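Student: Pick one residue and look closely at its surroundings. Then place it in the wider fold, with the cut-offs behind each term.

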Amino acid sequence: MAILVTGSTGTIGTQVLNHLAGQGVEVRALTRSPGKAQFPQHVTAVRGDLADVDSVRAALIGVSTLFLLVPNAADELTQAMLTLTAAREAGVKGIVYLSVFKGEAYADVPHFAGKHTVERMIEALDLPATILRPAYFIQNDLRLKDPLLNFGAYGMPIGAKGISMVDIRDIGEAAAIELLRRERASAPLGRETYALVGPDVVTGAGAAAIWRDELGRAVSYGGDDLAVMEQRFKAAMPAWLALDMRLMFGRYQSDGAVATADELARLTKLLGRAPRAYRDFARDAATQWRKG
């Protein structure tokens, strides 16, 4: 039997595959273009698209454990629910689903609400699944290289309430741990839920201060203007997704996304170490930028 990884060529899927490498299990990676995909050694590329349920059914033949990551698409909810249905019908014994931190609270943010609905399906059907709820990805802030270096500005409008940002490497490792646990089990295991979070509460001003220290130059917070952010995002993504992102940042500003001590302790136990900190990421990025 095998583990099937969806979202395999993306940021998180790549991390999951890297952490599964060398673990002595068969790993397959779902991709629309198997001929172009570059995966770690011993990972088998499988043609498929979550928007094409028949291709998903074919890809699930011989699969015992599924990593389900559905991209931010207009039909994300439908893709996720139909893939879970196909997995259930195929007799998959273990599922690791990538949801989102605060999905149950941010009811007006489409991709949060959709992921929470998928969680409700998993619970209602008593599927043998681990639900992973990652916070805002630390590595998203790599996109701020130019404004940080050229203008001394931290431009993500995350506000003053704070976010427990998570390193993508910790997401990949947590997913791999749970995939392997379920794959190696002799029978389906019960449901588990983990918040994937970092040890820091990062605010806009706080992030600017960290970058100031690590870059050795003046850095200021760019402010909370969400309308400007939406227009900027529309240059790189569909208008519906730019609005979705604006709504998410609006909730970050009004509510924050701060992990509890119990959530952090639970993740620390899963990883066997403390999650990575934002300052360590910033220090490493600053070092690489200086070399470049």
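Tutor: Start with Asp-141. Neighbours within four places in sequence aside, Asp-141 is in contact with Tyr-136, Tyr-154, Met-156, Met-165, Tyr-278 and Phe-281. Contact means heavy atoms within 4.5 Å. The model is predicted, with local features needing pLDDT of at least 70, side-chain atom pairs pLDDT 80 or more, and totals for chains, interfaces and linings using all residues. Residues are numbered from 1 along each chain as its sequence is written, and side-chain values use heavy atoms, without hydrogens or water.

Asp-141 sits in the loop between strand 6 (129-134) and helix 5 (145-151). Helices (H or I, at least four residues) and strands (E, at least two) are DSSP runs numbered from the N terminus. With a relative accessible area of 0%, Asp-141 counts as buried. Buried means under 20%, exposed over 50%, and partly exposed in between, with a 1.4 Å probe and protein chains only. Gly-155 is 14 residues from Asp-141 in sequence, and their C-alpha atoms are 8.9 Å apart.

Two of these contacts lead into the core. A nonpolar core is a set of buried Ala, Val, Leu, Ile, Met, Phe, Trp, Tyr and Cys residues joined through side-chain atoms within 4.5 Å. The largest one has 69 residues, and Phe-67, Tyr-154, Trp-211, Phe-249 and Tyr-278 have the most contacts inside it. Its main contributor is helix 6 (residues 168-184), which gives 7 residues. Another core lies apart from this one; its 24 residues include Leu-30, Val-56, Ile-122 and Ala-129.

Now take Phe-249. Residues up to four places away are not counted. Phe-249 touches Tyr-136, Met-156, Pro-157, Ile-158, Leu-226, Met-229 and Phe-233. Tyr-136 and Met-156 are also on the contact list of Asp-141.

Gly-155 brings in a pocket. On a 1 Å grid over the protein atoms alone, a pocket is an open set of points where a 1.4 Å probe fits, with protein on both sides within 12 Å along at least five of seven lines; lining residues have an atom within 4 Å of a point. The second largest pocket has 15 lining residues, and Leu-144, Gly-155, Met-229, Arg-232 and Phe-233 lie nearest its centre. Its volume is about 310 Å³, where volume is the space filled by probe spheres set on points joined across faces, edges and corners. Helix 8 (residues 226-234) gives the largest share of this lining, 4 residues. By class, the lining divides into 9 nonpolar, 3 polar and 3 charged residues. Ala, Val, Leu, Ile, Met, Phe, Trp, Tyr, Cys and Pro count as nonpolar, Asp, Glu, Lys and Arg as charged, and the others, Gly among them, as polar.

The largest pocket has a volume of about 1,200 Å³. It is lined by 44 residues, and Leu-69, Val-70, Pro-71, Asn-72 and Phe-137 are the closest to its centre. Helix 1 (11-20), strand 2, helix 4 and helix 9 (239-255) each give two or more residues to the lining. The largest share, 5 residues, comes from helix 9.

Next, the strands. Strand 4 (residues 63-68) has 6 of its 6 residues buried, so the rest of the structure largely encloses it. Strand 4 pairs with strand 1 (residues 2-5) in the parallel sense over 4 bridges. Pairing requires at least two DSSP bridges between the strands. Here Ala-2 has Val-63 of strand 4 as its bridge partner. Strand 4 also pairs with strand 5, in the parallel sense over 4 bridges. The partner of Leu-68 in strand 5 is Tyr-97.

Val-5 belongs to strand 1. Val-5 is buried, with a relative accessible area of 0%. Beyond four places in sequence, its contacts include Leu-17, Leu-30 and Phe-67. Val-96 is 91 residues away in sequence, yet the C-alpha distance to Val-5 is 9.6 Å.

Last, a backbone check. Most residues other than glycine have a negative phi. His-42 has a positive phi of about 75° and is not a glycine. His-42 lies in the loop between strand 2 (26-31) and strand 3 (43-47), and its 68% relative accessibility makes it exposed. Lys-102, again not a glycine, has a positive phi of about 75°. The loop between strand 5 (94-98) and helix 4 (110-124) holds Lys-102. At 22% relative accessibility, Lys-102 is partly exposed.
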